[in-house]
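Hi,

Here is the structure I promised to pass on. Have a look first, and my notes follow below.

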Amino acid sequence: GQSFGMFTGGYGRTGCKAKQIPASKTRFLNVGLGSISLNWVKRSDEGVYTCSVFSLSDAALVSRSFFHVTVFAGPVIDTHSESTTHARIGSPFSLQCGATGKPEPKISWIKDDALIQEHNLQFEVDKLNDVSILHIANMTKELLGEITCVAKNKEGADSKKF
């Protein structure tokens, strides 16, 4: 089969050709040449589509082709901690951020316009399924303030401030 990529919210169309066979038709499609059109493509449209050609004389399957459709989407942060959270100085603290998209988004954390490295003395970042968890073992006055979660893939980016 063939593979095609489409984008969420867009329009996708792929064709299938039946062999030049007398007395044949494409099921649900025009004779000889057919197409599958998807309007307002969404993630659930992803999958395998089939084009089948049947004989008019005895309804026997003459030819079949398969198309795999992949739907690409920019990240959407859909799992996160409350926007306003309270931390206690001297206590542990954590934030969660998860996103969907295709390809799978990479999640990073930003504090004071600087990228937080995954493992350092002040922060640790873990991943549980598709959720990134930023841990602060010991909250200090210097660490208080705005922290941003950023989800990116080649289709775009989304962010959430805490």
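Let me start with a hairpin: β10 and β11 form it with two residues between them, and Asn-129 in the turn has a positive phi of about 60 degrees. Strands here are DSSP E runs of at least two residues, numbered from the N terminus. Asp-126 has Ile-133 of β11 as its bridge partner.

A caveat before going on: this is a predicted model, with local features needing pLDDT of at least 70 and side-chain atom pairs counting only at pLDDT 80 or more, while totals for chains, interfaces and linings use all residues. Numbering runs from 1 along each chain as its sequence is written, and side-chain values use heavy atoms, leaving out hydrogens and water.

Next, the open sheet: four strands in the order β9-β8-β12-β13, with antiparallel pairing. β9 (114-115) and β13 (156-161) are at the edges with a single partner strand each, so one side of each has no neighbour in the sheet. β12 (residues 147-153) and β13 run antiparallel, joined by six bridges, and Lys-152 has Ala-157 of β13 as its bridge partner.

Finally, there is one disulfide, taken as a pair of cysteine sulfur atoms within 2.5 Å. Cys-97 and Cys-149 form it, with their sulfur atoms 1.8 Å apart. The pair links distant parts of the chain, 52 residues apart: Cys-97 lies in β7 (residues 93-102) and Cys-149 in β12. Their link is left-handed, at -75 degrees about the S-S bond. Both cysteines, Cys-97 and Cys-149, are buried (under 20% relative accessible area, 1.4 Å probe, protein chains only).

Cheers

Technical notes: Pairing = 2+ DSSP bridges. Buried < 20%, exposed > 50% of the residue type's maximum accessible area, 1.4 Å probe, protein only.
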